[in-house]
Amino acid sequence: MAAQRELYDAIVIGAGIQGCFTAYHLAKHSKKILLLEQFFLPHSRGSSHGQSRIIRRAYPEDFYTQMMAECYSMWAQLEHEAGTQLYRQTGLLLLGMKENPELKTIQATLSRQGVEHQCLSSEELKQRFPNIRLARGEVGLLEVSGGVLYADKALRALQDAIRKLGGIVHDGEKVVEIKPGLPVAVKTTSRSYQAKSLIITAGPWTNRLLRPLGAELPLQTLRINVCYWQEKVAGSYSVSQAFPCFMGLGLSLAPHHIYGLPSREYPGLMKVCYHHGNNADPEERDCPAAFSDIQDVHILSGFVRDHLPDLQPEPAVMEHCMYTNTPDGHFVLDRHPKYDNIVIGAGFSGHGFKLSPVVGKILYELSMKLTPSYDLTPFRISRFPSLGKAHL
């Protein structure tokens, strides 16, 4: 019984990419840590699975672009430690109308932050990427350092590194109760633990853990369609043909971004997705598709037909993942309003994977009561003024 009550410096709940990087930073600083995951690893129930994610510095907000500078060096460090490639530079092509305000804001941010980029006219785009068909007035912004992160390899590399550093990873253990205090007590389906601090990185399950602790965040959990499209000529949109990752901004058909990655993970198939989805309980993620799912795929089919003529305009493979969105699309990186040894990392809104090295560092700093490396004003819970006393 004594062994079950072993005291950890920190317990991290949720072994997605944010939880793994948090545990990695804790273990690197010789902390005695436990990483808990409710499903058996690897799994495809959350937000961090699959083979690929886009990495980019191209953001409208300076603070993300600034954070990405350190993220790139941390990804390189993890690559070096793991001895395996985790990032491939392809460039990131942003497509939009010349007057698109978001495109202009991103270009201004890249210029201010000294990030290498090229503005491409319609003519230059046609010459450079002949297998993209443009709408009249569309231009491009190419961020040179953008590319692909190999997501599944990154998760494996981190979990291996955590264990090598002396951290403990327990999968197949669902948290059923958290008792705040010093120490905080965590009960799972298997046993009970104690820790000086607790970090919750539970993705779409965040509010299920927070509600009994008297807090609830304005999080929307969405099921996203991850669609792959068959090349008419194999390799025409491949990494080997120097085809970039891309994002379509402010397209007339689509209220949300459309993004794509060059074909690699499935031979002859290109990943093109809609950066939005449908409300879904994470426990019921695999229930039959909603009508709005079909609408999303219809939007994508129209984009593929109009912009990527060398792809078949119907998806060949469709998978799912979860987004956990905040109202403003920015993360929550903060301490619990009442219990300062409980730290929350949540609401990554479909763009957190690339930023996870720095997010993990910040959550480590918060849990150890260190001065955060970044200004956390954009990420504080207090920015949601509509949260009344009932929610906190």
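Ser349 is buried, with a relative accessible area of 6%; buried here means under 20% relative accessible area, exposed means over 50%, and partly exposed falls in between, using a 1.4 Å probe on protein chains only. This is a predicted model, in which local features need pLDDT of at least 70 and side-chain atom pairs count only at pLDDT 80 or more, while totals for chains, interfaces and linings use all residues. Residues are numbered from 1 along each chain as its sequence is written, and side-chain values use heavy atoms, leaving out hydrogens and water.

**Backbone details**

Ser349 has a phi near 55°, a positive value in a residue other than glycine. Its place is in the loop between strand E20 (342-346) and helix H8 (356-367). Helices (H or I, at least four residues) and strands (E, at least two) are DSSP runs, numbered from the N terminus. Ala242 also has a positive phi, near 60°, and sits in the loop between strand E13 (220-231) and strand E14 (245-248). Ala242 counts as exposed because its relative accessibility is 55%. As background, most residues other than glycine have a negative phi, and most peptide bonds are trans. The peptide bond from Leu182 to Pro183 is cis, with omega near 0°, and Pro183 lies in the loop between E10 and strand E11 (184-188).

**Around Val175**

Strand E10 (residues 175-179) contains Val175, which counts as buried because its relative accessibility is 12%. Which residues does Val175 touch, not counting those up to four places away in sequence? They are Ile13, Leu36, Val186, Lys187, Thr188 and Leu209, where contact means heavy atoms within 4.5 Å. Trp205 is 30 residues from Val175 along the chain, and their C-alpha atoms are separated by 11 Å.

**Domains**

Two domains are given by the domain assignment: domain 1 (7-48 + 152-217 + 328-383) and domain 2 (92-144 + 220-325). Such bounds come from an automatic or database assignment. The C-alpha centres of domain 1 and domain 2 lie 30 Å apart.

Grid points are joined across faces, edges and corners, and a volume is the space filled by probe spheres set on the points. For the classes, Ala, Val, Leu, Ile, Met, Phe, Trp, Tyr, Cys and Pro count as nonpolar, Asp, Glu, Lys and Arg as charged, and the others, Gly among them, as polar.

| Space | Volume | Lining by class |
|---|---|---|
| Second largest pocket | about 210 Å³ | six nonpolar, one polar, six charged residues |
| Largest cavity | about 70 Å³ | five nonpolar, three polar, two charged residues |

Of the 13 residues lining the second largest pocket, Ala82, Ala157, Asp160, Ala161 and Lys164 are the closest to its centre. Helix H5 gives the most to this pocket's lining, with six residues. The lining of the largest cavity includes Gln51, Val148, Tyr150 and Arg264.

**Cysteines**

A disulfide is a pair of cysteine sulfur atoms within 2.5 Å, and by this rule the count is zero. Cys71 is in no disulfide, and its nearest cysteine sulfur, that of Cys20, is 15 Å away. The sulfur of Cys245 is 11 Å from the closest cysteine sulfur, in Cys273, too far for a bond. Cys71 counts as buried at 0% relative accessibility, and Cys245 counts as buried at 0%.

Terms used. 1 Å grid on protein atoms, 1.4 Å probe; cavity = no way out; pocket = protein on both sides within 12 Å on 5 of 7 lines; lining within 4 Å.
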